[in-house]
Amino acid sequence: MKIKKLLVAMLCVAMVGMFAACGGGSSEPAQDSSGGGDASGAITVNIWDANQQEGIQQICNDWTALGNPEVKVEVIDWDNYWTLLEAGASGGQMPDVFWCHSNTVQMYMENDLLLKLNDYIDADDTVDMSKYYEGIVKLYTRSDGNIYALPKDHDTIALLYNKAIFDQYGVEYPTDDWSWDDVYEAAKKITEASGGDVYGYALNTSNNQDGWYNFVYDYGAQVITDDHKGTTIGSDAGKAGMEMVRKILTVAAPQGVVAETGTDSLFQSGKVAMITQGSWMINSFYTAENHADYAWAMIPYGDANGNGQCDDGERWSAYNGLGWAAAASVANPDACYSLIAYLCSEEAQKKQAELGVTMAGMMGMSDAFAGAFEGMDVSAFTRVEEEGSLYFRPYTRNTTVWEDALQQAGAFLDAWQNPNDPAVMATACDNAQQIIENAIANE
Amino acid sequence: MKEKKKMTAKEKNEAMWGYLFVTPTILGLIILNFYPAIDTVIQSFCKTGDFGKGNVFVGLANYQRALADPEIWQSLLNTIKYAIIEVPFGVIIALILAVFLNKKLKGTSFFRTVFFLPMVCAPAAVAMVWKWLYNQQFGLLNNIFHTSVAWISDPKIAWVSIGIIGVWSIIGYNMVLFISGLQEIPGDYYEAAEIDGATGIRQFFDITVPLLSPTTFFIVQTRVIGALTIFDLMFMVMDKTNLALQKVESAVYVFYNYAFTQGNKGYGAAIVMILVVFIMIVTVIMQRAEKRFVFYN
């Protein structure tokens, strides 16, 4: 009897042990990927862009080679990145060093979840905040002057076109002098000549920063005003910009098509002749099968005054910059700051551009980027900074709320569905004005 | 009521061991199920702060907003429409397949495997494959039939297209349950029926269907709940800018959008509580129906 009891007790202990082991087993990897540093002192870096992983890892290895801990760069795709980061922030298990984005960073800064960098920056002679793009620095500085991230990069927008399609339909290639009206004419020729098999242009409601936002600015309106408290998208200028979008949509791929396949896939399948895209996407076109046919031109201007030339303030490109931040709760803040400072140093920023990862967050460090893609001229992205104007990607405290609403029915999706009716687009602009104002009021 | 007896020492000992053995499970349930469920109820009465901090009690405000929001009602309707496709077709097709595959023929195990395979695939992978099958421009369906149907972008048919994926994914699971139910029906009934001259179809409706009703009821009940909480199909197959999204998005999809994309946990919690109440009502109705339609030997 006693032996039996002993056996049962042992079995119990074994089971509880197994249970504990299961729990431990499943939580361990989670700690690795999102926890504050492991025993070996390696630093976990989370990013969302697989295209950049290799280059970032290389730069991090340079830092490690200076006698610093090892760095693991992990990619989590955009949608899951934010879910995981928020869950991690709520549960106290954030990655050590990670990217911040204008959509959400305010929330993290306000809740003191990011490592405050001021003291480090003050003590560090090598970091000079005035060398970085102003809009990006402003984005990662809280209203009380605390700095929570250093500018990692900046991006701009350019026009991408498929030379083979232009050749096939005998249309001249886009140039840096093109206005949106020229885009319309070319797209019209291609769409009509192909009988709907190939589209001259493609633009979805979700192509905002890389698409229709730029039209709004070209014609003198703002999606979000400089104080981040309002919008002028419903103004006459805003409507004029969106009217230009509507005109192009009449000769572009129908919204149903772009919603199902995506403008990038359509372009890479040779079904679309022109799209606008951001510099962060270059690599995916550079490595595409038919990349020899692809070329970039400067983002077209909006001829708001109708004089047939690009005047000051008629060519706008959105720019945005990611920030390198660390979690406030991180175990080894000194090492994390050191890594961030290195990633944003002149040397690393230059290398980042050279490797073609992205353009630099530090001004004047991006020249090498234009030459990073052998056989593909990407200078359109840097040229627009000299010949056009840049505006920072529109954001408010909770950007996703209005940004998503603008893409859907009740806002611009209606206009995209009825490109032939100018009244629908005008109404959509009014609705957009309302949506943004309501969203800001609820923040 | 029975009189409460004092436990003997042996019974006490057994009870102690019993509790000890279920402790791990109970702990898991409390931590992973009960606590989050209660927390959701609390959150639904709050204007939630970022990162679970700074929740402010707002009473029924979230519920008032949700009940006045046509999007919520539309999403409930969409969910019901999905269930109306998935549950009956998933059950009927599975039943027919089960009856055929229950016969002692060559190759039944091969077909059983084939029909069960969708269950083994990750739902996200299934949805991705179907998304491309349905694609209007490059999809296999439109290419085979030389049509140009917007399977998942036309608000009139998108809900059916999504429902078909649901049926396809669930048939195998239902079928396996039906086969196990069929094997419990004694063969004598069929022999007797055959001697009396009943046809196969007659046997099916007068023997198989009634005697299988406990299994059928179990499947219907679990699938109704499963269908009412559908999320992954809509999420994976349909783009945010899809025109048909408003006519297809399920209640859980809307909940996900508010709670996780927009970070409004309180409102999301209220939506999910409304869904829970709805599912409870449906379940109670089904339990009532059980007494009328289900035969237990």
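Of the 443 residues of chain A, 48% count as buried (20 or more other C-beta atoms, placed from the backbone, within 10 Å of a residue's own; exposed means 12 or fewer, partly exposed in between). The model is predicted: local features need pLDDT of at least 70, side-chain atom pairs count only at pLDDT 80 or more, and totals for chains, interfaces and linings use all residues. Residues are numbered from 1 along each chain as its sequence is written, while chains are lettered from A and ligands numbered from 1 in the order in which they are written.

Chain A contains 20 helices and 13 strands (DSSP runs numbered from the N terminus: H or I of at least four residues, and E of at least two). Its C-alpha atoms fill a box of roughly 95 × 60 × 45 Å along the principal axes.

The contact between the chains draws on both sides (two residues are in contact if their C-beta atoms, placed from the backbone, lie within 7 Å).

| Chain | Residues in the contact |
|---|---|
| Chain A | 30 residues |
| Chain B | 24 residues |

On the side of chain A that touches chain B, the largest share, six residues, comes from H11(A).

In chain B, helix H10 (residues 213-228) has 16 residues. Among its buried residues are B:Thr215, B:Ile219 and B:Arg223. The buried residues of H10(B) pack against helix H3 (70-101), helix H7 (158-182) and helix H14 (265-293) of chain B.

Notes. Expected span 1.5 Å × (residues − 1).
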